[in-house]
Amino acid sequence: AILAQGSGPEGKGGGGHRPPRVGAACAMAAAKNAWRVQAELALDSSSLEPAYPPVGPACIEALPETIALLRLDRGVPACVRDAARTGRFCAVVQEPGAATAWVPRNLLPPPDELADRDGAEEVEPTIGWCAFRVGRPANAKVGLKAPAPPGAAASLGTLLAEEVTGVGARVLSAFGTEMLLIPEDSLTAAAAVLMEQGHALWPSTRVCDPTLLNSMQAPRSDRSLSRRLAGTWSLVQRERPPGTVVEEYTKGDGPIRLQASGGLFVEVGVPEDDGGGVFQGEMSEASFAGRCRTVEEGGQVWCTQLRTVDFHPPSVEPPRWQVTLGSSSIVSTGAGCREFWARLGGPEESDIVALELQSEVPPPKSPRCGLWVFAGRRFARLVGLPRGSGFVAGTCCSSLGQLRRLRGHEEVLQELREQYEAVLGTVKEPGLLRTRRAAWHPELADTTFFDASDTSHGEVTVRRECVVYKRPGGRRETWRIVEWTFDPFTPVGKVRLMRAPAQERAADEAPAPERVLRRREARQAGEERAAGDAPAPERVLRGREARQARKERTVDEVLAPERVLRAREARQAREERAAREAAAPEAAPRRLPRGREARQAREAAAQARRLELENRGRSPPLRAKK
């Protein structure tokens, strides 16, 4: 273009100087080619593959230790050598100007000793790191022996940098595996992003928020709101997203939720046997149980489901719903979903029983937990592995189908069938329970679950603090009583354990430590009161002897009922005679006190014996008088 502009004045006066025209044409052609090259480069750059192409679903395993980052000044510290010697995670990166090391924090000596002896220090002492091993989907039994393709950890780090603000993930690559290091304060947000992208992370106890794992130790909810949610609820409609109906049921045919007044709940999502095939029924299993924490914030009611047992993989954060309460219905909105629930039965139903599984004999390979809730004439029972155990409860994943694809279809299905149980039934009468739906076993519908009059269906022993259920196969389960307002196991006419609802509510409202403290304070107060009002030693002994005599008398009454009856009849006879003498004193014979009468009788007997001996010619021996 510059050459073309410069050739213009020369061409005006000359009327056809050929060399300048040739130069201008060449310049214009060169400029045109340059623009074409730039345009082609711009078009080609849009189709270039990124430096780290996105990877498919990955299996990501978190190491249990918290990792620390060290800055090194004088070689490799002893803690790093110890970690390498024992086979624990460690890494040393030597750069031309500096050296750093990754090592488990629990192996570090005190900071002063680390600086003086090894010449090292933590880069950021307040930040701990979680190390993840990245692998590709494989058989669940082999774990992560199938490494991820090269660059997989870098792609995950790029994803986290784009989705999570300030995550600062680091990547380490070694022979056969790749490591992704994430700060622990950003671990929950990073795990949620990875799970949404279809990846599987485990163990769930390392990835999820530890304060929400144990639902039984979670903060208590608003008691009045929990009472309004107590009872039996049936899912009528589910919308995802709100406004788009994805599931619709008639009243009582969909998932059923039984909730106690203290917040314990069991939701049974066992599909009906409609002939849709075994695989369809297995994919529709969606039962879970735990504690529902209900609070009011900003004029709105929020329910957080702290699930203890779940047929589906756990999420990083517990489900939280905004609830609109009605007299016979509730509307729950949360996580891009809206649900409509209808109450089965009236809100005046107050018959609630909540049981928590304590132990099983013989014990299974993996300890299980469970809940058993009765509400009116219905009951729901759910047993399974706790959070952090097995494939299902130990892996954070977006869905059960994705978990099967990543960790093995057969392995996951076998664990569900062997370790998880869900039963929804009805109480026909106290001592007779019928099964309505059962997970994995549609043939058990409309069968007897427990019959107190038939030992072939098991035996139930109701105690003061627990319920012992001996199953037909011989396994014995011990269930702790959390709430108890009626006895569904003992038939009418037998001795039944009943608790006052007010006492049960007070016991449920008070956490275990508070109850222990109150009992301890009451015991100490009683001891102090007894010490302050202690009677004289003689009175203490007399009181002790009196108590012992009462115990013996009670034992004698139990062991010798005939003697008790004779004593009672003699007492009644004396009372009647005293009453007759009081009514007619002139007709009653004059009676002497018992001691004087006996003494006179003895003297008369001695006088008669003396006279008899004198008649025989013998004199009685003289006895000295006292």
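Where is the place of Asp446? Select Asp446 and find the loop between β23 (432-438) and β24 (447-451). Helices (H or I, at least four residues) and strands (E, at least two) are DSSP runs, numbered from the N terminus.

**Before going on**

This is a predicted model: local features need pLDDT of at least 70, side-chain atom pairs count only at pLDDT 80 or more, and totals for chains, interfaces and linings use all residues. Residues are numbered from 1 along each chain as its sequence is written, and side-chain values use heavy atoms, with hydrogens and water left out.

**The whole chain**

Show the whole protein chain. It has 626 residues, of which 37% count as buried. Buried means under 20% relative accessible area, exposed over 50%, and partly exposed in between (1.4 Å probe, protein chains only). The accessible surface of the protein chain is about 36,500 Å², and 52% of it belongs to carbon and sulfur atoms. These areas come from the Shrake-Rupley method with a 1.4 Å probe; for residues, only the protein chains shown count as cover.

**Stop 1: two positive phi values**

Stay at Asp446. Its phi is near 60°, a positive value in a residue other than glycine. Asp446 is exposed, with a relative accessible area of 58%. Now select Ala335, in the loop between β17 (329-334) and β18. Phi of Ala335 is near 55°, again positive in a residue other than glycine. Ala335 is exposed, at a relative accessible area of 80%. Most residues other than glycine have a negative phi, and most peptide bonds are trans.

**Stop 2: two cis bonds**

Select Trp202 and Pro203. The peptide bond from Trp202 to Pro203 is cis, with omega near -5°. Pro203 lies in the loop between β9 (200-202) and α7 (204-207). Next, select Val361 and Pro362. The bond joining Val361 to Pro362 is cis, with omega near -5°. Look for Pro362 in the loop between β19 (352-361) and β20.

**Stop 3: strand β10**

Select residues 231-239, which form strand β10. Eight of the nine residues are buried, so β10 is largely enclosed by the rest of the structure. Which strands pair with β10? Two strands pair if DSSP finds at least two bridges between them. Strand β12 (residues 256-259) pairs with β10 in the antiparallel sense over four bridges. Here Gly231 stands opposite Gln259. Strand β18 (residues 337-344) pairs with β10 over seven bridges, also antiparallel. Thr232 stands opposite Leu344 there. Strand β11 (residues 245-248) runs antiparallel to β10 and is joined to it by three bridges. Gln237 has Glu248 of β11 as its bridge partner. β10 and β11 form a hairpin with five residues between them. In that turn, Gly243 has a positive phi of about 110°.

**Stop 4: strand β6 and helix α5**

Move to β6 (129-135). Six of its seven residues are buried, so β6 is largely enclosed by the rest of the structure. β1 runs antiparallel to β6, joined by four bridges. Glu61 has Arg133 as its bridge partner in β6. Six bridges join β6 to β8, also antiparallel. Trp129 stands opposite Pro183 in β8.

Now select helix α5 (residues 152-163). Among the buried residues of α5 are Ala152, Leu156 and Leu160. Their cover includes β1, β6, β7 (170-174), β8 and α6 (187-196).

**Stop 5: the nonpolar cores**

What touches the most other members of the largest nonpolar core? Of its 38 residues, they are Leu258, Val266, Phe311, Leu382, Val412, Leu416 and Tyr420. A nonpolar core is a set of buried Ala, Val, Leu, Ile, Met, Phe, Trp, Tyr and Cys residues joined through side-chain atoms within 4.5 Å. Strand β20 (residues 369-375) gives this core its largest share, four residues. Domain 1 (59-202) and domain 2 (219-274 + 282-484) both contribute, so the core lies between them. Those bounds come from an automatic or database domain assignment.

Zoom in on Leu258. Leaving aside neighbours within four places in sequence, Leu258 is in contact (heavy atoms within 4.5 Å) with residues including Gly231, Thr232, Phe374 and Leu424. Apart from this core lies another, of 27 residues, among them Leu156, Val164, Ala191 and Cys396.

Note on methods:
Expected span 1.5 Å × (residues − 1).
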